[in-house]
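Here's a quick briefing to read with the model open beside you. Have a look at the fold, then go through the notes by topic.

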Amino acid sequence: MRSFAEDSRDDCCFGPALVETREAVVVPGIIAPFIGLPAMWFKNIFIYRLPADHSITAATLEAKLALKPLQPCSGLDKQSMGWVSCRQDDRLVHVLNQQILFALGVEQKLLPATIINRFAKERVADIEAQQGYKPGRRELKEIKQAVTEELLPRAFALQRTTYAWLDLVNGRLIIEAASAARADELLGLLAKTMDDFPVKLLRAELSPVAAMTDWLAAELAPSGFSIDQELELRAAGDSRATVRYANHALEGGEILAHIATGKRATRLGLTWNDRISFVLTEQLQIKRLDFLDIIKEESGSMAETDDEMFELDFTLMTGELARMLSDLTAALGGELKSH
């Protein structure tokens, strides 16, 4: 009978090779840094409000984060979470003008079910050849568990990073994440790290659905904003009939007719002051953020090194995005007073 070590030597999920991706490094049992500094332009964000009486400072945050750094997955651990440097040095927070950047690191072992099943099938065939009968259901389960325990310590580990920006000036926490699950993952560990971290999702007096629908019906965006060419309209009730537009002018009778039949805007592309374009969702999530060329040119023309570029990008991003979020909140009637 061949050992798993022999059988898995050439398998894509095992071995000493290093595989780098845009957001992660895959390597067995080693926490490896990214190559170069990450670009500081958020793409998808969730917005949270800090309590008015919070006492968070950069120093207290860094001291707490240092208690839970990312550690490599050990033994039979399938996942490990902890805080990592966002600048590939020994600092867990980056601070500039009361704007704080920090990052959650997650390491996950790559052990696909197809690999487990393949090795388990080989083990079952060996048992059947030696004993003359097929293992029962309970024994099959035990074989799979044994295979998992043998392969897991040698599986590659995939690392990914989720960034968070703490805006102490405006009392907001911004998490860069495309899904609520990723944002909740960071919030969950942050609450454990800080003992308590009572943030709430930003809520406005006007629901985004009502506001976006009114802007379309009036064919007039709020001050400082313009309507782009992306839209999702959805009917209420059981049918939930949905119409989507992409790269399509959103003026005229067709859009108004959909609204007249009861459809409401659930996603709308907007541009703020010709500087930031984005898609606003019904949950007040900001997706597909794009800092337009004029902003990036400002940092590119002034920076000479990667460190300078990182500093300028972070300064420009936080400054522009903070103002845009304030204007957007105002366009939605201001923050919900009971929030």
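**What sits over helix α6**

The cover over the buried residues of α6 includes β10 (225-235), α7, β12 (263-272), β13 (276-281) and α9 (306-331). Keep in mind that this is a predicted model, where local features need pLDDT of at least 70, side-chain atom pairs count only at pLDDT 80 or more, and totals for chains, interfaces and linings use all residues. Residues are numbered from 1 along each chain as its sequence is written, and side-chain values use heavy atoms, with hydrogens and water left out.

**The chain as a whole**

- The protein chain has nine helices and 14 strands (DSSP runs numbered from the N terminus: H or I of at least four residues for helices, E of at least two for strands).
- Of the 339 residues in the protein chain, 45% are buried (buried means under 20% relative accessible area, exposed over 50%, and partly exposed in between, with a 1.4 Å probe and protein chains only).
- The protein chain exposes about 17400 Å², and carbon and sulfur atoms supply 52% of that (areas come from the Shrake-Rupley method with a 1.4 Å probe; for residues, only the protein chains shown count as cover).
- Take the contacts in the protein chain with a separation of 6 or more: 70% of them are between residues 24 or more positions apart (contact means heavy atoms within 4.5 Å).

**Around α6 and α7**

- In helix α6 (residues 208-218), the buried residues are P208, V209, A211, M212, T213, W215 and L216.
- L256 sits in helix α7 (residues 253-260) and is partly exposed, with a relative accessible area of 33%.
- Which residues does L256 touch, leaving aside its neighbours within four places in sequence? They are L216, A217 and E219.
- L256 and T213 are 43 residues apart in sequence, and their C-alpha atoms are 9.6 Å apart in space.

- E219 isn't a glycine, yet its phi is positive, at about 50 degrees.
- At 45% relative accessibility, E219 counts as partly exposed.
- N97 lies in the loop between β5 (94-96) and β6 (99-109), and its phi is near 55 degrees, again a positive value in a residue other than glycine.
- N97 counts as exposed, at 61% relative accessibility.

**How α3 meets α4**

- Helix α3 (residues 113-131) and helix α4 (residues 137-151) pack at an angle of about 125 degrees, with their axes 9 Å apart (axes are lines fitted to C-alpha atoms, for helices over the stretch in contact, and angles run from 0 to 180 degrees between N-to-C directions).
- That makes α3 oblique to α4 (under 35 degrees is roughly parallel, over 145 roughly antiparallel, 65 to 115 roughly perpendicular, and the rest oblique).
- On the α3 side, the contact is made by I115, I116, N117, F119, A120, R123, V124 and I127, and on the α4 side by E139, L140, I143, K144, V147, T148, E150 and L151.
- The residues of that contact divide into ten nonpolar, two polar and four charged (Ala, Val, Leu, Ile, Met, Phe, Trp, Tyr, Cys and Pro count as nonpolar, Asp, Glu, Lys and Arg as charged, and the others, Gly among them, as polar).
- Leaving aside its neighbours within four places in sequence, I127 is in contact with G132, Y133, P135, E139 and I143.
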